[in-house]
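Thanks for coming. Please have a look at it first.

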Amino acid sequence: MHVPDGFLDAPTSVATGVVAAAGIAVALRKARGELDDRTAPMAGLVAAFVFAGQMINFPVGAGTSGHLIGGALAAVLVGPWTGMLCLSVVLLVQALFMADGGVTALGTNITLMGVVGCFVGYAVFRLALLVLPRRLGSVAPAAAVGALVSVPAAATVFTLLFVVGGNAPIDTGAVLAAMVGWHVVIGVGEAVVTGLVVGSVVAVRPDLVHGARRLVSARTLEVRPSAVAGQARTEEVA
């Protein structure tokens, strides 16, 4: 997914750079409402996990590569605005120190993976939660659905950008087939990884998962009789 330097023309790269800069500026303010003292360390862990996941690259044709994006995963765990900041930091480090994605294409990559990946993934996650049973067990499959949709969505936006400002002499149909086709497959893998990671965190600390906050706050306390005579125990019930 990392777009290299010169793949898109200057006006398109500048336009996506403006979109990315505006998104980051808004995210820096909005992220304050998503994190607190307990969940702030999660942002660092998410960024590290996404960084490691994106290091596994393989070619998908037309000069680009495919890998896990992590946008939906980050958005569900720490919130879409914070998730976008995590992806932006990862992409900045990769572009400056690892030549993974062009420096002049940094705005394009942040727009595709940070903006589209996080917000499409989170929107689909929320829609899936409306359909699934209202319980904590639905968070992981809903996150997986969000991840599944977010990856080909980012690939589709890239294809649209290539139609507008592509520099390489490659047929648009070939780019669309390579990007969307391969990224549907990648989306399946991303859905599995996202579901497993989110499910694992929800199982032990659902209060740390941004996407599960509403379900956690809706849980009620239930008093059940204890096996020890004269005592009672209190449990949270989703």
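Alanine 99 is exposed, with a relative accessible area of 70%; exposed means over 50%, buried under 20%, and partly exposed in between, using a 1.4 Å probe and protein chains only. Before going on, a word on the source: this is a predicted model, where local features need pLDDT of at least 70, side-chain atom pairs count only at pLDDT 80 or more, and totals for chains, interfaces and linings use all residues. Residues are numbered from 1 along each chain as its sequence is written, and side-chain values use heavy atoms, with hydrogens and water left out.

Back to alanine 99. This residue has a positive phi of about 50 degrees, although it is not a glycine. Most residues other than glycine have a negative phi. Where is alanine 99 found? It is in the loop between α4 and α5. Helices here are DSSP runs of H or I with at least four residues, strands are runs of E with at least two, and both are numbered from the N terminus.

Helix α4 covers residues 80-97, and at 1.5 Å a residue its 18 residues should span 26 Å; the end C-alpha atoms are 26 Å apart, so the two agree. The expected span is 1.5 Å times one less than the number of residues. Buried residues in α4 include Pro80, Met84, Leu87, Leu91 and Ala95. What do the buried residues of α4 pack against? The partners are α1 (10-30), α2 (40-54), α3 (71-78) and α5 (106-131).

Two of those partners also meet each other. The axes of α3 and α5 come within 7 Å and cross at roughly 60 degrees. Axes are lines fitted to C-alpha atoms, for helices over the stretch in contact, and angles run from 0 to 180 degrees between N-to-C directions. That makes α3 oblique to α5, since under 35 degrees is roughly parallel, over 145 roughly antiparallel, 65 to 115 roughly perpendicular, and the rest oblique. On the α3 side, the contact (heavy atoms within 4.5 Å) is made by Gly71, Ala72, Ala75 and Val76. From α5 come Met113, Gly117, Cys118, Gly121, Tyr122 and Phe125.

Last, the whole chain. The secondary structure comes to 8 helices and 4 strands, in the order α-α-β-β-α-α-α-α-α-α-β-β from the N terminus. Of the 238 residues, 47% count as buried. Among contacts with a separation of 6 or more, 74% are between residues 24 or more positions apart.
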